[in-house]
Amino acid sequence: MAVTRIQRLPPALANQIAAGEVVERPASVVKELIENAVDAGAQRIGITIEFGGKKLLVVEDDGEGMSRADAELAIERHATSKIRQATDLAAIRTLGFRGEALPSIASVSRFKLRTRLRGDLSGTEIVVEAGAVTTVREVGAPEGTRVEVAELFYNLPARRKFLKADTAESAQVSRLVTQLALGYHEVGFVLRSGERVLIEAPPAGSLEERFYQIYGDRPDLVVVQKQAAGITVRGFVAALAETGPVRGPQHVFVNGRMVRDRTITHAIQQGYSVATIKERSPEVHLFLDLPPDRVDVNVHPTKAEVRFLDQGLVHEVLRRAVIDALGTTAAPELVLSPLAASFVPSTPGLPLGVPWSPGSSDPGKTGNDETRSPGLHGDASAAAWPPAARGPQPAEIVSGRESVGALIRPMVPLGQFRNTFILAVDDEGIAIIDQHVAHERILFEQFSERLTTRTLESQRLLTPVVLELTAGEHQTLLQHREALVQFGFDLEDFGGSAVRIAAVPGVLDLSRSEEVLRAVASDLDGLTPGAGMNEILRQMAATMACHAAVKANDPLTREKMQYLLDELRRTAHSSVCPHGRPVVLRLTRREIEKNFERI
Ligand SMILES: Nc1ncnc2c1ncn2[C@@H]1O[C@H](COP(=O)(O)OP(=O)(O)O)[C@@H](O)[C@H]1O
Ligand SMILES: [Mg+2]
């Protein structure tokens, strides 16, 4: 007699296994049930949880409901009304399609479904205990559907143990409902925890209205709006601010589906990286729409991951959308002063003005000041590289807000304060500029700009220098030799843990190349393993900018100050240094006049 060792699993067990993927905690149950309600065309969805949803969780909707026969099918595995054939998978327009959620949830809880099809006279109630149907009966019920999930994981103690405290689970549900409420603004949401109403958002006419219902006024966010290559991006993202963009949730929807996607996260980060180097997790609420056949949503059971047909394109459109949005950060409250307007360059691609160079200052007046500012050394070479076309220049426009650095129009330097800050004036006020961070920002922008087109200029050393490093530094530097070459370094292994340097970047002072190389090695070590060439170059640009910039306590000549002010004015995003520190503090004419009681 043939003995079989393989057995087909009973459906309840198969469902529990599927539940392992779809149902992790109360919030994931709520997500599936809300998505079903949205797919059913609900206009109002009520969610109630008790004890963080662990004891009880109810989702009610006023959607189309189900007939008795459909309700019975709904709790069977792979039963769905949303797709019928394989080709439907290519362009899914509903949130659900796998037909897994209800049977999975029902297999790990005490589950009750009550539903009434729109137009039917009565409804159906189905009770399931740990995957086994115990009751199916006709009941009176409002149109729509109500799903009750009690004692989640009561039959899987191992899973139940992994649930967090009630407050933590309820916070997760709350975050999730917030996010879904943003995604479906036409739908009204109410979330209750016991007797308390946690979220109440009536149906809204627009995303903006829904956003306001949830978050109120948010001057720290800017609007994103871009359309390109068949992709639409809209939403709100953290504005640049003196202290850096606000951190917060990163809500991303693709075709109305809440997703976590690395391409998108990376594109957002890259968009911000134009303005600030500091690793941050800015708050974003972004909605991407693209033709459904250009995104595959059938990637993961929780449907939180997607695959784009043109990943690079999505990345680029999103990155630019973020950059554009940040560039117009303070737009609504900007005033362009008449004086400033007359100085605004007429074309964005305006060539650099005469940059400061060691030879251009008047030695008679300035003494040896410039030699004490090694960071500026070699900047004369800037003239040799007319920069590529520059992006929008928010710097031309002055923010009406106080002490915010959306500077900068042409300014006249008055002098230095403690050899660390430049004091400058224009018709609109007085500015105090941190000379180090300002110069750091300028150099960083220049590096970034030039690196996109070519390698940086280098200076050959008459006699190569041998540098003893630690084993770690040695290894890191050789590993990134290619990037170092792009910056103008020429170095090779000199045995042991030494390197031999034959050339250094033109902008670097020779005497500091050792210090800079060590700093580069240590900063590169801090990068995540597997960082791409772009990230590596960016990190190096930041490190080099920091080390090549004038320092605090460096006396500056008037020419140098003017050079910094002029360059700063040309630098997009000049209000924040690469490390996210503010560059400019501004006292506006209004403030000054107010303080002297002239208005
Ligand atoms: N709230 C609801 N209102 C109306 N129909 C529903 C609701 N929830 C589920 N259904 C029906 O039950 C089916 C199975 O649901 P589910 O297991 O979540 O799978 P999927 O959403 O992937 O189709 C759905 O296709 C839908 O027809
Ligand atoms: Mg579903």
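Let's begin with salt bridges: this predicted model holds 29 of them. Side chains of opposite charge can pair when their charged atoms come close.

**Stop 1: Glu169 and Arg25.** Select these two and show their side chains. They meet in a salt bridge, with N to O at 2.7 Å. Now colour by secondary structure. Glutamate 169 belongs to helix 6 (residues 166-183), while arginine 25 sits in the loop between helix 1 and helix 2, so this pair ties together parts that are 144 residues apart in sequence. Are the two residues buried or exposed? Both glutamate 169 and arginine 25 are buried.

**Stop 2: Arg518 and Glu473.** Here is another salt bridge, 2.8 Å from N to O, between the side chains of arginine 518 and glutamate 473. This pair also links distant parts of the chain, since arginine 518 is in helix 15 (residues 513-525) and glutamate 473 is in helix 13 (residues 471-479), 45 residues apart. Arginine 518 counts as partly exposed because its relative accessibility is 25%. Glutamate 473, at 15%, is buried, because buried means under 20% relative accessible area. While you have salt bridges in mind, select Asp427, Glu428, Arg589 and Glu593: salt bridges that share partners join these residues into one network.

**Stop 3: Arg218 and Asp220.** Pick arginine 218 and aspartate 220, which form a salt bridge whose closest N and O atoms are 2.9 Å apart. Aspartate 220 is partly exposed, with a relative accessible area of 27%.

**Stop 4: a nonpolar patch.** Select Leu9, Leu13 and Ile17, and you'll have a nonpolar surface patch of about 270 Å². Leucine 13 lies in helix 1 (residues 11-22). Its relative accessibility is 37%, so leucine 13 counts as partly exposed.

**Stop 5: ligand 1.** Now centre on the ligand. Which residues come nearest? Of the 20 residues around ligand 1, they are Asn36, Thr80, Ser81, Lys82 and Gly99. Zoom in on the contacts:

- The side chain of asparagine 36 has an N or O atom 2.8 Å from an oxygen atom of ligand 1.
- Lysine 82 has a polar side-chain atom 2.7 Å from an oxygen atom of ligand 1.
- Threonine 145 has a side-chain N or O atom 3.3 Å from a nitrogen atom of ligand 1.

Taken alone, ligand 1 exposes 520 Å², and the protein buries 93% of that. Helix 2 (26-39) and helix 4 (101-107) are the elements that give two or more residues to the shell around ligand 1. Helix 4 provides the largest share, three residues. Colour the shell around ligand 1 by class and you'll find nine nonpolar, seven polar and four charged residues.

Note on methods. Residues are numbered from 1 along each chain as its sequence is written. Chains are lettered from A and ligands numbered from 1 in the order in which they are written. This is a predicted model: local features need pLDDT of at least 70, side-chain atom pairs count only at pLDDT 80 or more; totals for chains, interfaces and linings use all residues. Side-chain values use heavy atoms; hydrogens and water are left out. A residue is near a molecule or strand if one of its heavy atoms lies within 4 Å of it. A polar contact is a pair of N or O atoms within 3.5 Å; within protein, one must be able to donate a hydrogen and the other to accept it, and residues adjacent in sequence count only if both atoms are side-chain atoms. Accessible areas come from the Shrake-Rupley method with a 1.4 Å probe; for residues, only the protein chains shown count as cover. Helices (H or I, at least four residues) and strands (E, at least two) are DSSP runs, numbered from the N terminus. Ala, Val, Leu, Ile, Met, Phe, Trp, Tyr, Cys and Pro count as nonpolar, Asp, Glu, Lys and Arg as charged, and the others, Gly among them, as polar. Patches are made of residues with over 30% relative accessible area and no salt bridge: like charges are joined within 9 Å, nonpolar side chains (Val, Leu, Ile, Met, Phe, Trp, Tyr) within 5 Å. A salt bridge is a side-chain nitrogen of Lys or Arg within 4 Å of a carboxyl oxygen of Asp or Glu. Buried means under 20% relative accessible area, exposed over 50%, partly exposed in between (1.4 Å probe, protein chains only).
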